[in-house]
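Visitor: Could you walk me through this structure? I'd like to begin with the contacts between chains.

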Amino acid sequence: MNKITEKGYLSENVVRMVIEAPDVAEKRKAGQFVVLMVDEKGERIPLTIVDSDVEKGTITLIFQVVGKTTTCLAEMNEGDSLFTLLGPLGHPTEIANFGTAVCVGGGVGIGVAYPVIKALAEAGNKVIPIIGARTKDILILEDEIRSISEELIVATDDGSYGVHGFVTNVLQNLIDSGEKIDIVFAIGPVPMMKFLCEVTRPYGIKTIVSLNPIMVDATGMCGACRVSVGGKTKFACVDGPEFDGHKVDFGLLMTRLQTYNNQEQTAMENYRCRHNDR
Amino acid sequence: MDKKGKRKKIRPYRVPVTERAPAERVQDFREVPLGYTVSQARDEAGRCLNCKNRPCKGGCPVGIDCGGFVAKVHEGDFLGAVKLVKEKNLLPAVTGRVCPQVEQCEGPCVIGKKGTSVGIGNLERFVADWEREHGVVLPDKAPPTGMSVGIVGSGPSGLTVAADMIQFGHSVTIYEGLHEPGGVLVYGIPEFRLPKSIVAEQIASLTQLGVEIEMNQIIGKTLTVDDLLQIHDAVFIGVGAGAPIFMGIPGENLIGVYSANEFLTRSNLMRAYKFPEWDTPMRFGKKIAVIGGGNVAMDAARTALRLGATDVSVIYRRSREEMPSRDEEIRHGEEEGLQFDFLKADQSREVDTVIVAIGQRPNPTIASTTPGLEVDNRGYLMVDKETMATTREGVYAGGDIVGWGASVIRAMGDGRKAARAMHDYLTLRS
């Protein structure tokens, strides 16, 4: 069950994994995610489905190594199996022919943006992807995204590759250049999404964000992932994870993401990988 | 009257069950009551008057012959008692522990009018635990009918339907959304009330009978009810009412505010109380307020004590008499040091953690993805009260998803009714 068939590093701490999950591969749509557990004593973590291969019965996940669970997952190898995997979860991205769609992916969020870019292109949109990273070495999926879109813009914070600057500046310049933009998809770190929404707000450009709150079951039974959208409490796992970015309370999301900082640190300090002692 | 025709002397008071001392038990998650010993059980069973009309049986939602099995316990025929209980209930180790017996089998007990009713729940638990120590008794199955049933959800109602349908000779597959079967028995009710190993054993007895369980299947997402109707001849929906209700008051999304579902799921299903040996974290302080008065509130409050909170208050808008929680849990909670604040609806106090346990509502996933499945204005599935048939042919439902209040045994009673009707539907149709 849920055997890892391919594993590789896209950058120093970003891993791409192909996992056997035939039912998920068949059903999944852009914007949806899975919840997985590395082993019996593991926690449940959500990861976006980046791609799927129905014939091979596999899905592709991309994740950044940030704590104990992602470290353990990254230490698994081809041929190993996950303890459990559930999906596809969440609402699929609402895909239509909007006209011109700008799709911004930041950092590991580029992996989340990729299926959206692909689906938007297939739906006949003119898609302008903007992908950004701190520096050239940690930029991911550039070739894959270039192969499905002509107008890719790449930016790095330090100017080591592509445009020098933040994706927010790139989007602002694009708007200033007179490009008619019908919709923006913003996917990446919370501050990035927040600032992208501030760029588009004065122009009234509809901006969809993909939120990443803490989740447990991810089926709507606990409310760990609750976010405030337009003043109303929503559960990101079942009502999202995509929402109208102009209505999202990003401050609350950022606060709630800090809930377990101490425990996450403890877990990492206590970390002895299961391959050795379990 | 006994054999010699003398009037049997009534012993009005119950043989007490040994319980672990409060100061010791709040240090861990192990079970609180230790259960009857053989001699205690026989002694308690001897209090039963063996009434002819057996009002106790009428009080049991799944119709266990309570007086009958109690008589067998008194005689020392424990195997006979097991068999009699399991004619009606394949999960006695669970129901003996979590049923609100006071309102059910023990309620109409004649001795209860003079003193304390016969401890039927404790005796059922004794019988079930005796079976667990001496080897599980599996019931007979009818010959295979060639028909198959899909069951959505592995909580109490789904497990009951599975047990009945497999005995009728149908093939049975349960679809469960989480990674461990049992529904509320594993994510909701804590270890100190219902050890997870017991739930696992009771479910294993079903799989030994041939019930299949598919984990990680969210019906409505990974498969739809229509998909299940392609695979099976009938479908039972027992998904519970798992979506937490929040109060909608300011500050409800602050760090440290949990739904009881999240708090208990982290602790029970994910074993966050064993962090960092287990990976799922929890965050709680010393001063905790639990809002609500049901079993879920009591479970959350008593869990908080065991996690090291020093000051846990249960805040309930009505009076103690109106608390829907089992009396035994309230007593246990009081002994363990819970504080109660009744008739409080609007107040302020300083706390570092709040657990909201004011109820659950149905998750709309199934209804919204199944054409022809009607729900009432609160989102509960509409069913025929006698057959538990939904508005969709071949689809039945029971337990919390039909919205008649939350209890394990009611869910099992619904499952029993649904299984009977589904069996009729399948056999009359063929």
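Visitor: What do the side chains of Asp279(B) and Lys68(A) meet in?

Guide: The side chains of Lys68(A) and Asp279(B) form a salt bridge, 2.9 Å from N to O, where the term stands for a side-chain nitrogen of Lys or Arg within 4 Å of a carboxyl oxygen of Asp or Glu. This is a predicted model, in which local features need pLDDT of at least 70, side-chain atom pairs count only at pLDDT 80 or more, and totals for chains, interfaces and linings use all residues. Residues are numbered from 1 along each chain as its sequence is written, chains are lettered from A and ligands numbered from 1 in the order in which they are written, and side-chain values use heavy atoms, with hydrogens and water left out.

Visitor: How many salt bridges cross the interface of chain A and chain B?

Guide: The rule finds three across that interface.

Visitor: And how many residues touch?

Guide: In chain A, 44 residues are in contact with 37 residues of chain B, contact being heavy atoms within 4.5 Å.

Visitor: Switching topic, which residues have the most contacts inside the largest nonpolar core?

Guide: They are Phe69(B), Val73(B), Leu123(B) and Ile237(B), in a core of 92 residues; such a core is a set of buried Ala, Val, Leu, Ile, Met, Phe, Trp, Tyr and Cys residues joined through side-chain atoms within 4.5 Å, with buried meaning under 20% relative accessible area (1.4 Å probe, protein chains only).

Notes. Buried means under 20% relative accessible area, exposed over 50%, partly exposed in between (1.4 Å probe, protein chains only).
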